[in-house]
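Dear colleague,

Please find the structure below, followed by a short account of what was found in it.

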Amino acid sequence: MKVTVVGAGNVGATCANVLAHRDFLQEVVLLDIKEGTAEGKALDTWQQAPIDYYSTKVTGVTNDYARTANSDVVVITSGLPRKPGMSRDDLISTNANIVKSVTENIIKHSPDAIIIVVSNPLDVMTYCAFLTAKKDSNKVFGMAGILDTARYRAFLADEIGCSPKDIQAILMGGHGDTMVPLPRYTTVSGIPVTELVAADKLEAIIQRTKVGGGEIVNLLGTSAWYAPGAAAAQMVEAIVKNEKRIFPVCAWLTGEYGLKDIYLGVPVVLGKNGIEKILELDLNNEEKELLSTSAKHVKEVMDVLDKMQSATA
Ligand SMILES: NC(=O)C1=CN([C@@H]2O[C@H](COP(=O)(O)OP(=O)(O)OC[C@H]3O[C@@H](n4cnc5c(N)ncnc54)[C@H](O)[C@@H]3O)[C@@H](O)[C@H]2O)C=CC1
Ligand SMILES: O=C([O-])CC(=O)C(=O)O
């Protein structure tokens, strides 16, 4: 299986580095538009191999899509990250142009690839790639839910004083401040989280999770990359190894949860065909309301993209 990561910035280079460490691929192609960046980071990752014991080779290229030909999975991380004071949605015009042109190039050389979008605003950039790629929606989806759920699980582990490994959770909705963590579907080694964390503390953790990306942007002046890069790599692994893992993924909905023609985070089964199934949870009224608010927000930004694209058509 061949995997390409487009964008050798913080998230893309981390994703390629994590993939190399997992050691289940022969080669990963890392592509960037900036001369030398992908080559340099690929070389650095290869020089780490004798220390960390892996054989996966990361090859860096500058805008040479011929080298990505026949990729099975492509991760798109190219695009601007936000700075303090910005929302993810503020990135739409710059990143839509980048995601569109990258997707066109990818499809030209790897028509059958499964595409995982990471660039922000995530739900809308995934929609942009879908419109451009003209592929089945089970093969075009976005990474956000694994990251957002990981933040939620990490905060809970701190509060409980336990290993983050033992927190299982699911989170739905758009990758923005309207995302929907689901305490009713959160357990700690099988124990309902509500038995271990007081209601006010749980609510504070949910609120912190929703703005978890912004917390890091304010600390660093740019957005996160270690957890995002690893989350994208985890999706690649589930696909390449046909693991049938259940993850929250930004998926195209065609009536699930009463929503249609929208990209939104929902639990799915990930395997060799990409999204093999969307799981429909039996949400209560409050959860449905939160999901519908999140969907409304995503739809508004999707409409902005539609208008941008019809203006340039
Ligand atoms: N979905 C999620 O959960 C997350 C999404 N992100 C998003 O991922 C994107 C990347 O973030 P970072 O890696 O931190 O940014 P970065 O600035 O470190 O890297 C972006 C890279 O994209 C490259 N690039 C720009 N235009 C390109 C093109 N046309 N073709 C190929 N490469 C191109 C740049 O040269 C740069 O190296 C941002 O949009 C950010 O908001 C970041 C974290 C989490
Ligand atoms: O916050 C950002 O801009 C980057 C991102 O999506 C995240 O880290 O969740």
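Which residues surround ligand 2? They are Arg-82, Arg-88, Asn-120, Leu-147, Arg-151, His-175, Gly-213, Ser-223 and Ala-224; a residue is near a molecule if one of its heavy atoms lies within 4 Å of it.

Before the details, a note on conventions. This is a predicted model, in which local features need pLDDT of at least 70 and side-chain atom pairs count only at pLDDT 80 or more, while totals for chains, interfaces and linings use all residues. Residues are numbered from 1 along each chain as its sequence is written, chains are lettered from A and ligands numbered from 1 in the order in which they are written, and side-chain values use heavy atoms, with hydrogens and water left out.

Ligand 2

Polar contacts are pairs of N or O atoms within 3.5 Å; within protein, one must be able to donate a hydrogen and the other to accept it, and residues adjacent in sequence count only if both atoms are side-chain atoms. An oxygen atom of ligand 2 lies 2.6 Å from a polar side-chain atom of His-175. For Asn-120, the distance from a polar side-chain atom to an oxygen atom of ligand 2 is 2.8 Å, and for an N or O atom in the side chain of Arg-88 it is 2.9 Å. On its own, ligand 2 has 270 Å² of accessible area, of which the protein covers 95% (Shrake-Rupley method, 1.4 Å probe; for residues, only the protein chains shown count as cover).

Ligand 1

Around ligand 1 there are 28 residues, of which Asn-10, Val-11, Asp-32, Leu-80 and Met-143 come nearest. A backbone N or O atom of Val-11 is 2.8 Å from an oxygen atom of ligand 1. Asn-120 also has a polar side-chain atom 2.9 Å from an oxygen atom of this ligand, and an N or O atom in the side chain of Asn-95 is 3.3 Å from an oxygen atom of ligand 1. Taken alone, ligand 1 exposes 860 Å², and the protein buries 89% of that.

Two residues in helices

Helices are DSSP runs (H or I, at least four residues), numbered from the N terminus. Ser-294 belongs to helix α9, residues 285–312. Thr-132 is found in helix α4, residues 122–133. Is Thr-132 buried or exposed? Thr-132 is buried, because its relative accessible area is 15%, and buried means under 20%, exposed over 50% and partly exposed in between (1.4 Å probe, protein chains only). Ser-294 is buried too, with a value of 0%.
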